[in-house]
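Hi,

Here's the structure I said I'd pass along.

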Amino acid sequence: MNKTAYIKNLIQEKYPSLKDFSRKSDLPYTTLHSMLSRGIGNASTDNVIKLCRALNISFDSLNSFDMAHTLNIGQRIKERRLELGYSVDDLAKLIGKNRATVYRYENNDIENHSIFMLELLARVLKTTPVYLMGCLDNDRDNLLDTKYVTDAKGVYSFSEQEIYDLAVHGVGHHESLTDDEREDVKLAIRIALEKHKKDR
């Protein structure tokens, strides 16, 4: 996990969209998009400071962010799994992977965790991606809210908004959808289904 992925996760957790965060941070949307596309390390110091202020993190903590956080991810995944009483097989089933992949996550054999997988792991483990990345040691208990809890059968209950956000993530869109964008996605799905019915 690098600085840019860490920042993207923080923004996704705290704001409904990148545009909302742009307004809060006083950074033009295009500048912010460029920072996140090309990497935080390539941005001006002034823009990074604005970004940190809007996210309520210190510039120094971001500046000292290094791969040590990645090393903590596997330990935190395992720790939360054990605290919740999940076996490796339980966790594998909940995230749709095999047990070998879970072991690879817990042993830090997988270095580049996708934002989607971090979010899914966090939901299943009833915490947040930021906690799993090792960025909020002292606040873990405050992160366990119902938003991240599975139902009694261990099946996720996603909101309609989350379903569409996850769907577009699969085609390369990595930020939350606006209401208008969500309606466009629904329309595109309806059109595709109608076309599929006609082709049968």
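Before the details, one term: a polar contact here is a pair of N or O atoms within 3.5 Å, and within protein one of them must be able to donate a hydrogen and the other to accept it. Also keep in mind that this is a predicted model.

The Ser25 side chain reaches the backbone oxygen of Ser22 at 3.3 Å, which is within the 3.5 Å limit. Ser25 sits in helix 2, which covers residues 18–25. Is Ser25 buried or exposed? Its relative accessible area is 5%, and since buried means under 20%, Ser25 counts as buried. Setting aside neighbours within four places in sequence, Ser25 is in contact with Lys50 and Ala54.

You'll find Asn108 in the loop between helix 8 and helix 9. Its relative accessibility is 18%, so Asn108 is buried too, the cut-off being under 20%. The Asn108 side chain reaches the backbone nitrogen of Gly74 at 3.1 Å.

Now the overall picture. Of the 200 residues in the chain, 42% are buried. Among contacts between residues at least 6 apart in sequence, 58% join residues at least 24 apart.

On to the inside. In soluble globular proteins, nonpolar side chains tend to be buried together. Here the largest nonpolar core has 41 residues, and the ones touching the most other members are Ile7, Leu51, Leu55 and Ile95. Helix 9 (residues 115–124) gives the most to this core, with six residues.

Leaving out neighbours within four places in sequence, the contacts of Ile95 are Val102, Tyr105, Met117, Leu120, Leu121 and Val124.

Ile95 also takes part in a helix pair: Val88, Asp89, Leu91, Ala92 and Ile95 in helix 7 meet Arg99, Val102, Tyr103, Tyr105 and Glu106 in helix 8. By class, that contact has seven nonpolar, no polar and three charged residues. How do the axes of helix 7 (residues 88–95) and helix 8 (residues 99–106) cross, and at roughly what angle? They come within 8 Å and cross at roughly 100°. Angles of 65 to 115 degrees count as roughly perpendicular, so helix 7 and helix 8 are roughly perpendicular to each other.

Cheers

Technical notes: Residues numbered from 1 in each chain as written. Predicted model: local features only at pLDDT ≥ 70, side-chain atom pairs only at ≥ 80, totals over all residues. Heavy atoms only, no water. Helix = DSSP H or I, 4+ residues; strand = E, 2+ residues; numbered from the N terminus. Buried < 20%, exposed > 50% of the residue type's maximum accessible area, 1.4 Å probe, protein only. Contact = heavy atoms within 4.5 Å. Core = buried A, V, L, I, M, F, W, Y, C linked by side-chain atoms within 4.5 Å. Axes fitted to C-alpha atoms, helices over the stretch in contact; angles between N-to-C directions. Parallel < 35°, antiparallel > 145°, perpendicular 65-115°, else oblique. Nonpolar A, V, L, I, M, F, W, Y, C, P; charged D, E, K, R; others polar.
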